Amino acid sequence: MSKKPEDIIRSEIVALKAYHVPDSAGLVKLDAMENPYRLPAELQAEVAQMAGSAPLNRYPDPGAVQLKARLRTVMGIPDGMDLLLGNGSDEIIQMLTMAAARPGAVVLGLEPSFVMFRMIAAFCGVQFVGVPLKPDFSLDTGKVIAAIAEHQPALVFIAYPNNPTGNLFDEEGIRRILEAAPGMVVVDEAYHAFAGKSFMPRLADHPNLLVMRTLSKSGLAGLRLGLIAGNSAWLAHVDKVRLPYNVNVLTQTVAEKALQHHDLLGLQAAAIRAERARLYDELGRIAGIQAYPSDANFILFRAAGAERVFSGLRQRGVLIKNLHGSHPALTDCLRVTVGTPEEDTRFLAALKETVNL
Ligand SMILES: *Cc1c(COP(=O)(O)O)cnc(C)c1O
């Protein structure tokens, strides 16, 4: 007798809701923390040339030697530290979790935070323990240390700055977590370009610290390239679960070229930070909106009737992220990515109309 798919597929997978990516055609897209700026025309032409002559008939360099050398300089990876690349940092989260997925293993994260930490734990059949942040979204170090003592997590994920709340956590708190944790502690610096603070220079101080970054939020989301740096005692094992050619030829070639012009991406990040300050000020001037300070390229804000605000914005051609219902601490919360000044002005006008209805 054949069985139903639901009797074959693991029950925790059947119970999951797929990660939903909404259709954004024709909308001002401020939902996914993308950099709104394209590469400068000159660089686009160079990239086109390189893509055209890339050896697509061959498998990519499995060690991505050239790209890694470039990343080491650009990202300030300390000498002696290992570097592992992924098809986006999402894939690195998956490799870490898969490698640590012993029976009974626990992955610990903060909540609310990046949902993929929890989802990937479920994919790998590992228990996820979420420790709540304080009501102002700061780190509750005491609670995290207590949870570490109780659950002895194989892996701890800390997004720094945090998504979706936008804040950096107390450094001393993270240091205490690094000391208390029995296993790997991943500081996920996806928003590093907008933050100005990093644990990368601290890698040598903490043998269990791993620092993860991505090119996605600083202008190259379409390439899918993430990286993690840290002690080879950990990363040499994690590397064994990496699929051999996980970073394709075009990504390796184009990322290396784009990173030769790292200063241009830096200028774009600076423009986004300046625009973030304007957007935060303007949000603060709208009655009924509570905006949270941000060290990232997005702003979390609260508005009564968030569902209605979200659909009102969409009717006016602006797509942001509705977080209402995703976590009790995010009731009536919405998240807007910092766009170009023109995009943000359209968003602000649409928001004013919507909240005044
Ligand atoms: C966006 C994001 C990622 C994933 O980035 P990719 O490299 O595009 O997979 C990882 N961590 C956090 C906190 C993020 O917000």
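Let me start at Pro164, which sits in the loop between strand S5 (155-159) and helix H8. Helices and strands here are DSSP runs, helices (H or I) of at least four residues and strands (E) of at least two, numbered from the N terminus. The peptide bond that joins Asn163 to Pro164 is cis, with omega at about 15°.

Before going on, a word on what we are looking at. This is a predicted model, in which local features need pLDDT of at least 70 and side-chain atom pairs count only at pLDDT 80 or more, while totals for chains, interfaces and linings use all residues. Residues are numbered from 1 along each chain as its sequence is written, and side-chain values use heavy atoms, with hydrogens and water left out.

Back to Val115, then. Val115 belongs to helix H6 (residues 115-123). Is Val115 buried or exposed, or something in between? Its relative accessibility is 44%, so Val115 counts as partly exposed. The cut-offs are under 20% relative accessible area for buried and over 50% for exposed, with partly exposed in between (1.4 Å probe, protein chains only). The loop between S3 and H6 holds Pro112, and the bond from Glu111 to Pro112 is another cis peptide, with omega near 5°.

Next, helix H7, residues 141-151. Its buried residues are Thr141, Val144, Ala147 and Ile148. As background, an α-helix has 3.6 residues a turn, so residues three or four places apart point the same way. On the other side of H7, Ala149 and Glu150 are exposed. What do the buried residues of H7 pack against? They pack against strand S3 (106-111), strand S4 (127-132) and helix H8 (171-180). Just after H7 comes Gln152, with a positive phi of about 45°.

Two other residues with positive phi are worth a look. Met33, which is not a glycine, has phi of about 60°. Met33 lies in the loop between strand S1 (28-29) and H3, and is buried, at a relative accessible area of 4%. Arg224 also has a positive phi, near 60°. Arg224 is in the loop between strand S7 (209-214) and strand S8 (226-230), and is partly exposed at 29%.

Now Leu43, in helix H3 (residues 41-53). Leu43 counts as buried, with 4% relative accessibility. Which residues does Leu43 touch, leaving aside its neighbours within four places in sequence? Its contacts are Lys257, His261 and Leu264, where contact means heavy atoms within 4.5 Å. Leu43 and Leu264 are 221 residues apart in sequence, and their C-alpha atoms are 9.9 Å apart.

Last, the whole protein. There are 13 helices and 13 strands. The radius of gyration is 21 Å, close to the 21 Å from the globule rule for 357 residues, so the protein is as compact as a globular protein of that length. That radius is taken over C-alpha atoms, and the rule is 2.2 Å times the number of residues to the power 0.38. Of the 357 residues, 50% count as buried. Of the contacts with a separation of 6 or more, 71% are between residues 24 or more positions apart.
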